[in-house]
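Here is a protein to walk through step by step. Take a moment with the sequence and the fold before reading on.

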Amino acid sequence: MNTSAHLVDLIDIIASDDSHVRDLSLDDRCSTMSRDELLEACRRLDAFRRENDNLYQRVRVVFSICDLRFHLPGHLVGRECGEIPFAGYQNLLQRWFSEAIEEFLAEQKKSGASITLSTCLAAAYHRLAFQTLADQVRKSVRTVKGNQWMFRTGHPADLPLRIRNELLQADAEGCYPILRERTSVRMDFSHSGWSDIFFLGMDFPEGARVINASIDLAVHGRHSQPEPPIDCALRVIDEPVLRLVSIDLNASADMTTLSEVYDFARITWVY
């Protein structure tokens, strides 16, 4: 099979309407490809994802490029180490994955492929795929009128959530009441997370079914009966901060601005 046939096969696996073609193994196709063929396939697939408006195909092609990058190390003996552009590394840490990919590809074009660069590109493409899915979920949530406050909040007064008056009454020592919530945990029997169901729903909707149950847990010999494993508490404090504390993780994070509330990656570890 020549190079062009390899490339057509890989794109067909992404975009074909024929399930027999779309469900072919990408690994099987890559196992017989040379280094130059793999690099050219990555280039062609990257161009395909930039030009494609189909969400399903765009996510699938990004995951495929990530997979191809893990086939390259065996063809890069003697090129184990390569320079990583600092700007690309910074972009990767800041979750600017598209920008990181541009920096890594520019370095590859200048200095040639290496295992180091292929690993960085694989990591960036992998995270870009999940970021693309997350952006779609965010877009879907925003289209529901009742959820728009989550993304358009500019002032604390815009929040529809309010603290009940009972929780704002301090006792003689200046302490406020504690609101405690204990609840069961959800156990999933048919899937392991939201992203795979979202992905299945686009390609195999009859298989995208969720079966779960709410359960209490107990440790044999420690608990007399099952108990709700999720235990949360809320208390007003006499400080202008929102303080999140995890007893299990021994971690806390203080938030002083509204934008920090929606920065889900921010956390300060305390030991």
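Predicted model: local features only at pLDDT ≥ 70, side-chain atom pairs only at ≥ 80, totals over all residues.

The protein contains 10 helices and 7 strands. It has 271 residues, and 25% of them count as buried. The exposed surface comes to about 17900 Å². Carbon and sulfur atoms supply 54% of that area. Now consider contacts between residues with a separation of 6 or more. Of these, 58% join residues 24 or more positions apart.

Next, look at two helices. Helix α7 covers residues 97-111, and helix α8 covers residues 115-142. Their axes lie 9 Å apart. The packing angle is about 155 degrees. Angles over 145 degrees count as roughly antiparallel, so α7 is roughly antiparallel to α8. The crossing of the two is left-handed.

Which residues of α7 meet α8? From α7 come Phe97, Ser98, Ile101, Phe104, Leu105, Glu107 and Gln108. On the α8 side they meet Leu117, Cys120, Leu121, Ala124, Tyr125, Arg127, Leu128 and Gln131. Sorted by class, this contact has 10 nonpolar, 3 polar and 2 charged residues.

Finally, turn to asparagine 91. This residue is found in helix α6, which spans residues 86-93. Is asparagine 91 buried or exposed? Its relative accessibility is 11%. The limit for buried is under 20%, so asparagine 91 counts as buried. What does asparagine 91 touch, leaving aside neighbours within four places in sequence? Its contacts are Trp96, Glu99, Ala100 and Glu103.

Definitions and conventions: Residues numbered from 1 in each chain as written. Heavy atoms only, no water. Helix = DSSP H or I, 4+ residues; strand = E, 2+ residues; numbered from the N terminus. Buried < 20%, exposed > 50% of the residue type's maximum accessible area, 1.4 Å probe, protein only. Contact = heavy atoms within 4.5 Å. Areas by Shrake-Rupley, 256 points an atom, 1.4 Å probe, with all protein chains shown as cover. Axes fitted to C-alpha atoms, helices over the stretch in contact; angles between N-to-C directions. Parallel < 35°, antiparallel > 145°, perpendicular 65-115°, else oblique. Left-handed = near helix turned anticlockwise from the far one by under 90°. Nonpolar A, V, L, I, M, F, W, Y, C, P; charged D, E, K, R; others polar.
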